[in-house]
Amino acid sequence: MPFAMEGFLMIVGRISGLFLSAPIFASKQLPRTIKILIIVLLSAMMANFVPIQYKVPLENPALFLAAFIVEIFIGYCIGFVAYVVFAAIQLAGQLMDMQMGFAMVNVVDPQSGMQIPLMGNLGYLLALLIYLSMNGHHYLLQAVVQSYQVIPVLGVNLGSNFIDLIIQVTVYMFVIAVKISAPIVVSVMITDIAMGFIGRTVPQLNVFIVGLPLKIMIGLFALILFIPMFIWFMGSLFADFIVYLDALLFSMSL
């Protein structure tokens, strides 16, 4: 197999892994044939200027197959960092829905094909707009190109640094979810406490009938009030995403 074709196939593997996990690229709205065409075209363009380094020469089909699988895994990890941000936003929406009384209301996300919370869908769409406006998808493709400078073929290192970083990113997802949902959750919780006092002082009032629409109203009012802060915070999240993306590449190269 010629060296150029071998390098092209290695890039195909790394780009394919990116298309399995990264937002936008992993969208189920894109037909598989279109995804394959985009992967092949991107790989063909990158093969002309991306220098492919090899840790071990691919002298037999077994090594080639192992290298191709590892390349898919590397691309998947690169896209996973961006996916964590969107997963945190959806988790925050689920926390909001549980407090506001929307826990039973889910909508189908066309990007992933899964049911997501109502407020999570709103946050997801806002995050998607910010992600595209910041050219987050371009950063992912750039990370794939630059990854060959630090991670050669069959040269990935899945040591303690990589595992610690994955754990840190996963924990960070829950921290982000709590921070995003905190204003809504606290506002609705204060409403619950107030309704509890009212229920004790005015027993004739049915707090369950009054409380549910009131919680929804307070939650939506708090959302409108804090939505500029949400947009600013999401922009900060995607700045952190770039930092974690660089840290991921270096953790796999040590």
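# Helix contacts and buried side chains

Visitor: What is the relative accessible area of R14?
Guide: R14 counts as buried, a class that means under 20% relative accessible area, with exposed over 50% and partly exposed in between (1.4 Å probe, protein chains only). This is a predicted model, in which local features need pLDDT of at least 70, side-chain atom pairs count only at pLDDT 80 or more, and totals for chains, interfaces and linings use all residues. Residues are numbered from 1 along each chain as its sequence is written, and side-chain values rest on heavy atoms, with hydrogens and water left out. For R14, the relative accessible area is 0%.

Visitor: With which residue does R14 form a salt bridge?
Guide: The count comes to one salt bridge, defined as a side-chain nitrogen of Lys or Arg within 4 Å of a carboxyl oxygen of Asp or Glu. This pair links distant parts of the chain, since R14 is in helix 1 and its partner, 57 residues apart, is in helix 3 (residues 61-100); helices here are DSSP runs of H or I with at least four residues, numbered from the N terminus. With the closest N and O atoms 2.7 Å apart, R14 is bridged to E71.

Visitor: Which backbone atom does the side chain of S21 reach at 2.8 Å?
Guide: S21 belongs to helix 1 and, at 8% relative accessibility, is buried. Leaving aside neighbours within four places in sequence, S21 is in contact (heavy atoms within 4.5 Å) with A26, G75, Y76, G79, F80 and Y83. Its side chain reaches the backbone nitrogen of F80 at 3.4 Å, and at 2.8 Å that side chain reaches the backbone oxygen of Y76.

Visitor: Is K35 buried or exposed?
Guide: K35 lies in helix 2, where, apart from neighbours within four places in sequence, K35 is in contact with F19, F25, A26, S27 and L30. Its relative accessible area is 15%, so K35 is classed as buried.

Visitor: How many residues does helix 4 have?
Guide: Helix 4 reaches 23 Å from its first C-alpha to its last, close to the 22 Å expected, where the expected span is 1.5 Å times one less than the number of residues. Among its buried residues are M119, Y124, L128 and Y131. Helix 4 covers residues 118-133, and its residue count is 16.

Visitor: What is the phi of N135, in the loop after helix 4?
Guide: Most residues other than glycine have a negative phi. I24, in the loop between helix 1 (3-21) and helix 2 (32-47), has a positive phi of about 75° and is partly exposed at 24%. N135 lies in the loop between helix 4 and helix 5 (136-150) and is partly exposed at 34% relative accessibility. The phi of N135 is positive, near 60°.

Key. Helix = DSSP H or I, 4+ residues; strand = E, 2+ residues; numbered from the N terminus. Polar contact = N/O pair within 3.5 Å; in protein donor to acceptor, adjacent residues only side chain to side chain.
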